[in-house]
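Colleague: I would like to learn how to read charged pairs in a model. Can we work through some cases together?

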Amino acid sequence: MSTLRIARPAIALLTGAAVAAQVLTGVPAATADTALDTALDTAPVHVTVNTRAGLAAASDTAVGTNHAIWDSNLGTNETADLLKAAGVKMLRYPGGSYSDIYHWKTHTAPGGYVAPDTDFDTFISGAKRTGAQPIVIANYGTGTAQEAADWVEYANVTKKYGVKYWEIGNENYGNGHYGADWEADDHADKSPAEYARNLVQYSDAMKAVDPTIKIGAVLTTPANWPDGIVAAGDQATWNDTVLSIAASKIDFVILHWYPPYNDVADVLTKTAHIPDMIYLVRKQIAEHAGARAGDIGIAVTEINSGIAPNTQPGALFAADAYAGFMEQGVFTVDWWNVHNGAGTISTVAGHTDYGDFGMLSSGTCSGDTCEPPLNTPFAPYHALTMVSAFARPGDRFVRAATDEPLVVAHAARRPNGDLAVLLINRDPDGEHQVEIDYAGFAPAAEAPTVQTLTNGATSVSTGHAGTATTQTLPPYSLTTLVLHPATATAGAPAAPGQPTASGVTDTTATISWPTAAPGASPVAKYEIHRQNGAVTEQLGETPGTSFTVRNLVPGTRYTVNVVARDTAGRVSWASAPLTFTTGTPDESSCAVRLTDTSDWGNGFVATVDVTNTGTAALDGWTLHFTWPTGWQTVSSGWSANWTQNGTAVNVTNTPDNGKLAPGASTSIGFVGAYSGPNILPTAFTLNGTLCTAQ
């Protein structure tokens with residue numbers, strides 16, 4: 001049922017209108033009320049696509065999946081051809097936790113099963129047939145740096161396979177150091193510091209053989225265990241420890257994401273965490289890598305919905321998550337797994353779900369229920385097929401948004417001027433009409449090319465339907481539109497280069513960018529646009545390549561793009577995005593320091609130190625801050641009166657700490673809870689005055 005339906009109390013207030021309808025039209029009141037309900041249920045969903053709000057470009061390795069040495073179909077031509085047809089461009093080997101027991105020279109995994117014909121050369125042969133790049137996991141748990149270096153030599157010197165991406169270990173935080181113990185680790189010291197020290201040795205040994213390879217470090221995923229936890233004997237979290245020691249030796253970081261969930265509907269909402277998740281990881285990288293931060297990529301080398309993985313919810317999750325990560329510049333997203341095997345059998349949205357984390361059937365049975373024949377594609381396979389066609393390598397994502405939580409939108413513009421829009425209907429029961437508005441793009445009048453994956457479908461259908469501005473989305477469906485521009489885009493200037501920020505204060509920032517290549521006419525000026533959801537506001541314009549933005553809000557994250565406009569009025573596509581966060585005043589009459597003193601993955605204890613840095617004494621105070629997200633709350637607090645309304649938190653003094661003389665401080669605290677990435681607030685006011693954040 002559409003969430004646009006007005007709640008019953010509001011409907012009750014309209015019964016007078018229903019009576020009027022009966023008097024004026026002769027239609028009974030009940031019928032008029034029913035008609036009103038029907039109209040509300042069928043109200044169109046408004047979708048906004050803004051090509052001025054540019055996001056990341058799609059990588060040539062973005063759509064990936066995992067292979068495993070215990071899968072006897074790893075090296076078959078049928079499997080490789082199916083992966084190629086889905087557009088898979090990255091294949092990971094030798095498979096999750098098996099990587100930390102696998103010895104490539106002997107093709108053995110003591111304690112585990114190794115299927116025949118799954119050795120490294122067979123894997124590479126299949127990857128070549130698929131047209132995918134390999135990403136290989138070096139054995140950290142039971143291997144050595146020398147063993148890994150020998151693998152690089154065999155792969156890239158002896159065999160000239162050109163394997164570029166090498167991970168050091170798999171989920172090594174699961175070695176028992178934080179309590180849970182599933183990952184093999186023979187090191188006596190299982191701390192993040194020991195992992196980081198060995199990571200440096202692996203990197204040095206492997207790059208001595210081939211300096212062109214890229215080395216990846218295992219990190220924890222924000223808001224997913226054991227992120228945020230400081231284990232006994234450690235000085236910091238896994239991520240901060242690993243990056244503080246090894247940031248100068250790595251080229252990318254590795255995340256795995258199996259989101260926690262309550263049910264199918266809940267897991268589909270977790271994709272909203274992705275932008276803040278990647279923002280936090282980039283922030284952690286920047287804190288430790290300095291000038292190298294921009295050169296360190298992010299890979300999500302395992303992902304799965306974890307629930308209903310073979311039916312339509314798995315497909316909806318996959319498409320939404322892949323697009324979401326690609327928008328944020330993640331260079332590969334790798335589904336777990338190609339084949340996995342039947343698990344718990346259930347019925348989801350009218351179809352049998354085999355609880356199989358593979359995207360192709362293994363043909364196995366669970367009890368009396370057997371999967372379809374080997375290599376039958378499950379729903380997520382079709383989702384990856386659609387994502388591959390929706391956002392091709394080099395396409396740049398742009399902002400898209402809807403006013404209906406059950407409908408999600410993504411969009412990507414293509415170098416030839418076309419625009420692709422991916423629409424996801426998460427409503428299992430009802431179709432939704434959508435009306436699409438475009439900013440910075442005028443679609444051609446003809447019916448667009450439309451690809452659709454409906455609930456239970458065994459393939460993606462392609463045709464022409466609706467218009468560029470109106471579409472009907474079936475229940476539980478994926479729909480992709482490919483739109484041509486109404487007029488040719490030839491002659492427009494190229495997009496400006498990557499913007500950078502300097503001189504960021506609490507209210508100002510200087511934005512600079514490389515010159516845009518002109519088209520048919522000279523570039524006349526550049527416009528700076530701030531993203532606010534799918535809406536942009538122009539912050540200024542200049543004929544030069546630098547602009548100082550003023551009147552910014554302190555403690556606020558800004559994402560901006562630059563576009564070029566030529567003397568004939570032609571406008572370029574948007575530049576790559578730039579994200580920066582304003583600070584707080586260097587001088588104020590108050591100062592606040594918030595410290596996360598203890599974290600357990602979905603909650604934390606914080607202390608807040610409030611100092612009167614002014615010249616006048618305070619007799620009573622009110623502290624105010626706003627949570628950056630909607631999934632953060634104050635559970636309880638002490639030494640003050642704590643209240644929260646929405647995301648706004650107000651804190652007032654108690655009788656014993658209300659008086660603060662100049663230079664005096666008070667320490668208060670709270671227990672916070674979070675169900676998504678925990679971005680701490682940075683802007684605080686005391687009695688209405690913006691404080692310096694310490």
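Colleague: Which backbone nitrogen does the side chain of Asp395 reach?

Modeller: This is a predicted model, so keep that in mind throughout. The side chain of Asp395 reaches the backbone nitrogen of Arg392, at 2.9 Å. Asp395 itself lies in the loop between α12 and β14.

Colleague: Is Asp395 buried or exposed?

Modeller: Buried means under 20% relative accessible area. Asp395 has 2%, so Asp395 counts as buried.

Colleague: With which residue does Asp395 form a salt bridge?

Modeller: General idea to begin with. Side chains of opposite charge can pair when their charged atoms come close. Here Asp395 pairs with Arg414, and the closest N and O atoms are 3.4 Å apart. Asp395 sits in the loop between α12 (379-390) and β14 (396-402), while Arg414 sits in the loop between β15 (407-413) and β16 (419-425), so the pair ties together parts that are 19 residues apart in sequence. Arg414 is buried too, with a relative accessible area of 6%.

Colleague: What is Asp395 in contact with, leaving aside its neighbours within four places in sequence?

Modeller: Arg414 is on that list, and so is Pro415. The list also includes Ala56, Ala57 and Ala58, along with Phe390. Ala412 and Arg413 complete it.

Colleague: How many salt bridges does a search of the whole structure find?

Modeller: The search finds 19. Another of them joins the side chains of Arg557 and Asp276, at 2.9 Å from N to O. Arg557 lies in strand β27 (residues 557-566) and Asp276 in helix α10 (residues 274-289), so this pair ties together parts that are 281 residues apart in sequence.

Colleague: Is Asp276 buried or exposed?

Modeller: Asp276 is buried, at 11% relative accessible area.

Colleague: Which residue forms a salt bridge with Asp566?

Modeller: Arg570 does, with the closest N and O atoms 3.2 Å apart. Arg570 is partly exposed, with a relative accessible area of 30%. Asp566 has 3% relative accessibility and counts as buried.

Colleague: Which residues do salt bridges that share partners join into one network?

Modeller: Arg92, Glu167 and Glu302. When you read such a case, look for the shared partners.

Note on methods:
Residues are numbered from 1 along each chain as its sequence is written. This is a predicted model: local features need pLDDT of at least 70, side-chain atom pairs count only at pLDDT 80 or more; totals for chains, interfaces and linings use all residues. Side-chain values use heavy atoms; hydrogens and water are left out. A salt bridge is a side-chain nitrogen of Lys or Arg within 4 Å of a carboxyl oxygen of Asp or Glu. Helices (H or I, at least four residues) and strands (E, at least two) are DSSP runs, numbered from the N terminus. Buried means under 20% relative accessible area, exposed over 50%, partly exposed in between (1.4 Å probe, protein chains only). A polar contact is a pair of N or O atoms within 3.5 Å; within protein, one must be able to donate a hydrogen and the other to accept it, and residues adjacent in sequence count only if both atoms are side-chain atoms. Contact means heavy atoms within 4.5 Å.
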